[in-house]
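Reader: Hi, I'm new to this one. Could you put it up and walk me through it?

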Amino acid sequence: MLPLSLALLAASLVTAASVGPSPGQIKSLVTFGDSYTDVVSVGDGGVAWPVYAAGYGHFALHPFARSGATCSNNLTNRPFPSVFESQLPLFLQEKANGSLKLNEEETIFTLWIGTNDVGANALLTGGQTPGVTIVDTVSCAVNWVKTLYNAGARNFLFQNMIPLEQTILYSPRFYPNRFWTAERNSTEWSLCMNELTNSGNEIAKLMLQQLAPTLRGAHLGLFDSHALFTDILQHPQLYLNGTAPLNTTGVIHSCVFELNESTSDPGVCTDVTGTDRDSFLWFDELHPSEQADRVVARQITNSILRLSDKWTTWLS
Ligand SMILES: *[C@@H]1O[C@H](CO)[C@@H](O)[C@H](O)[C@H]1NC(C)=O
Ligand SMILES: *[C@@H]1O[C@H](CO)[C@@H](O)[C@H](O)[C@H]1NC(C)=O
Ligand SMILES: *[C@@H]1O[C@H](CO)[C@@H](O)[C@H](O)[C@H]1NC(C)=O
Ligand SMILES: *[C@@H]1O[C@H](CO)[C@@H](O)[C@H](O)[C@H]1NC(C)=O
Ligand SMILES: *[C@@H]1O[C@H](CO)[C@@H](O)[C@H](O)[C@H]1NC(C)=O
Ligand SMILES: *[C@@H]1O[C@H](CO)[C@@H](O)[C@H](O)[C@H]1NC(C)=O
């Protein structure tokens, strides 16, 4: 009996050791995505999560995410630098010409995409290339893993979509804002967005589960942003720490427009200032606050350093 149980123990240790990077293994962070992750055109009104994560985890940061991005302009065409037509080509170029040198074992790649793919002017309002659905935009995001793997990358963290139907833009609390001023039925938008985020995340999970065993020598994690933001909504006192009453419905930087007003107008803006800001989950009608991004950064760092796998499922 003893040799058998020892063998089982050894086998389980080997399995445990092979899932996810080991603590201390990762030293560089390469980020892809949209305004939720852009460190130059920052969506949260302060410092973006990758900068916090690089600080918390002492990672060298190589940021490729760009505001307004979708996964591919072939699918949901917006005049912004998408992952497949802009961010990946730039990364591959810098790698090929030697301006970016990475030790692949010590580098992790992250992708947080989908907000613009499913949103207004894209899937939600019929702005996609005819025939494109949530299956295509999510397949595209999953294909980011395969593309980078083929280029030598070995460690991945895939961040799924947050409950976007809770943002003012996509909730029944909608008011005309910088992102949308035309007539719409807010109840329908919110119902539809709830379907898109939940079904898109489920499709991503199933596809990643299928992909993981095919990528020899890789570590692939699924970071459940949706569950994290749901937990912040349900238990804000665990995450928000400003000096105003905790607030998961209002926003720090609110700009109210007239119906049909040009979105390039300034709108009528109200700002929460100082330490009150850290009481808010949302920065504006679409973006998480800086404190929410500190939380994202802390949890991503904990996942990468293997301090806690609370929001991450390592598939390999
Ligand atoms: C986008 O379309 C071009 C031209 O048809 C094609 O070469 C490219 O592979 C497509 N990219 C994606 C991500 O589908
Ligand atoms: C490498 O390619 C990047 C992206 O096109 C460019 O910015 C950089 O100047 C190039 N570096 C060299 C050494 O050619
Ligand atoms: C908006 O959509 C909801 C859900 O489909 C529907 O119940 C409601 O009547 C609609 N409101 C208007 C003003 O059309
Ligand atoms: C809230 O906590 C973060 C760390 O997550 C800290 O950087 C920030 O200063 C705190 N905010 C306030 C108002 O104390
Ligand atoms: C949340 O913040 C908004 C904007 O400042 C404000 O109008 C609203 O009353 C706040 N809600 C709570 C519950 O404090
Ligand atoms: C807004 O624009 C729509 C479409 O052009 C029009 O039907 C509607 O009457 C306009 N509403 C207002 C309040 O201007």
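**Around Ala141**

Author: Let's start with one residue: setting aside neighbours within four places in sequence, Ala141 is in contact with Cys71, Leu111, Ile113, Gly114 and Ala204. Two residues count as in contact if their C-beta atoms, placed from the backbone, lie within 7 Å.

Reader: Before we go on, what kind of model is this, and how do the numbers work?

Author: This is a predicted model; local features need pLDDT of at least 70, side-chain atom pairs count only at pLDDT 80 or more, and totals for chains, interfaces and linings use all residues. Residues are numbered from 1 along each chain as its sequence is written, while chains are lettered from A and ligands numbered from 1 in the order in which they are written.

Reader: Ok, back to Ala141. Which residues have the most contacts inside the largest nonpolar core?

Author: Ala141, Val145 and Phe158 do, in a core of 78 residues. A nonpolar core here is a set of buried Ala, Val, Leu, Ile, Met, Phe, Trp, Tyr and Cys residues joined through C-beta atoms within 7 Å. Buried means 20 or more other C-beta atoms within 10 Å of a residue's own, exposed means 12 or fewer, and partly exposed is in between, with C-beta atoms placed from the backbone.

Reader: And which element gives the largest share of this core?

Author: Helix H5, with eight residues. As for the general picture, nonpolar side chains tend to be buried together in soluble globular proteins.

Reader: Zooming out, how many helices and strands does the chain have?

Author: Eight helices and 10 strands. They are DSSP runs numbered from the N terminus, with helices being H or I of at least four residues and strands E of at least two.

Reader: Why call the chain as compact as a globular protein of that length?

Author: Its radius of gyration is 20 Å, close to the 20 Å from the globule rule for 316 residues, so the chain is as compact as a globular protein of that length. The radius is taken over C-alpha atoms, and the rule is 2.2 Å times the number of residues to the power 0.38. Along the principal axes, the C-alpha atoms fill a box of roughly 75 × 45 × 40 Å. Buried residues make up 45% of the 316 residues. Of the contacts between residues at least 6 apart in sequence, 75% join residues at least 24 apart.

Reader: Where is the kink in helix H3 centred?

Author: On Pro89, with a kink of about 25° in H3, which covers residues 83–96. The bend at a residue is the angle between axes fitted to the seven residues ending there and the seven starting there. Val83, Phe84, Gln87 and Phe91 are buried in H3, and their cover includes strand E1 (28–33) and helix H5 (134–150). After H3 comes Gly98, with a positive phi near 85°.

Reader: How about H2, which of its residues are buried?

Author: Trp49, Pro50, Tyr52, Ala53, Ala54 and Gly57. E1, strand E2 (60–63) and H8 are among what covers them. H2 is followed by His58, whose phi is positive, near 55°.

Reader: Switching to ligands, what surrounds ligand 2?

Author: Leu90, Gln93, Glu94, Asn97 and Ser99, each with its C-beta atom, placed from the backbone, within 6 Å of the ligand. By class, that shell has one nonpolar, three polar and one charged residues. Nonpolar covers Ala, Val, Leu, Ile, Met, Phe, Trp, Tyr, Cys and Pro, charged covers Asp, Glu, Lys and Arg, and the others, Gly among them, are polar.

Reader: And ligand 5, which residues are around that?

Author: Pro245, Asn247, Thr249, Gly250 and Val272. That shell has two nonpolar, three polar and no charged residues.

Reader: Now the loops. Is Asn260 buried or exposed?

Author: Exposed, because 9 other C-beta atoms lie within 10 Å. Asn260 sits in the loop between strand E7 (253–256) and strand E8 (268–271), and has a positive phi of about 70° although it is not a glycine.

Reader: What about Arg306, where is that?

Author: In the loop between helix H8 (290–304) and strand E10 (312–314). Arg306 is partly exposed, with 16 other C-beta atoms within 10 Å. Its phi is positive too, about 60°, although Arg306 is not a glycine.
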